[in-house]
Amino acid sequence: MLHEQQKKLLDIRKEIQQINWQRKSEQITAGKDLRNLEQSWIGLVSKNYEIERACADLEAEIEKMQTEA
């Protein structure tokens, strides 16, 4: 009976270890995905800023041309 309980305990510990490894693997993968998404977001924000700046420059140029005309 003691031997059976020890075997069950060992099996449970193995199962817990397997779950922990799987969780760690999923967390590492999620971390990589988050870093990739963050880099993509940074790129998109930078592009938006460049577009806004170009629009502001064009608006200023149009306004200058209108005052000169």
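## Burial and exposure

A residue is called buried when its relative accessible area is under 20%, exposed when this is over 50%, and partly exposed in between, with a 1.4 Å probe and only protein chains counted. By this definition, buried residues make up 1% of the 69 residues in the chain. The model is a predicted one, in which local features need pLDDT of at least 70 and side-chain atom pairs count only at pLDDT 80 or more, while totals for chains, interfaces and linings use all residues. Residues are numbered from 1 along each chain as its sequence is written, and side-chain values use heavy atoms, with hydrogens and water left out.

The chain exposes about 6900 Å²; accessible areas come from the Shrake-Rupley method with a 1.4 Å probe, and for residues only the protein chains shown count as cover. Carbon and sulfur atoms supply 58% of that area.

## Fold and overall dimensions

The secondary structure comes to one helix and zero strands. Helices (H or I, at least four residues) and strands (E, at least two) are DSSP runs, numbered from the N terminus. The radius of gyration of the chain is 30 Å, well over the 11 Å that the globule rule gives for 69 residues, so the chain is more spread out than a compact globule. This radius is taken over C-alpha atoms, and the globule rule is 2.2 Å times the number of residues to the power 0.38. Along its principal axes, the C-alpha trace spans about 100 × 10 × 5 Å.

Glu59 and His3 are 56 residues apart in sequence, with 83 Å between their C-alpha atoms. Ala60 and Glu4 are also 56 residues apart along the chain, and their C-alpha atoms are separated by 83 Å. For Ile42 and Leu9, 33 residues apart along the chain, the C-alpha separation is 49 Å. Glu59 lies in helix H1 and is exposed, at a relative accessible area of 56%. Ala60 is found in helix H1 and is partly exposed, at 46%.

## Charges and salt bridges

Side chains of opposite charge can pair when their charged atoms come close.

The structure holds two salt bridges, a salt bridge being a side-chain nitrogen of Lys or Arg within 4 Å of a carboxyl oxygen of Asp or Glu. One joins Asp11 to Lys7, with the closest N and O atoms 3.3 Å apart. Both residues lie in helix H1, four residues apart, which is about one turn of the helix. Asp11 is partly exposed at 36% relative accessibility, and Lys7 is partly exposed at 48%. Asp57 forms a salt bridge with Arg53, where the closest N and O atoms are 3.7 Å apart. Asp57 and Arg53 are likewise four residues apart in helix H1, about one turn. Asp57 is partly exposed at 40% relative accessibility, and Arg53 is partly exposed at 48%.

## Nonpolar surface patch

Trp41, Ile42 and Val45 make a nonpolar surface patch of about 290 Å². Patches are made of residues with over 30% relative accessible area and no salt bridge: like charges are joined within 9 Å, and nonpolar side chains (Val, Leu, Ile, Met, Phe, Trp, Tyr) within 5 Å. Trp41 is found in helix H1, which covers residues 2–68, and is exposed, with a relative accessible area of 54%. Ile42 also has its place in helix H1 and is partly exposed, with a relative accessible area of 36%.
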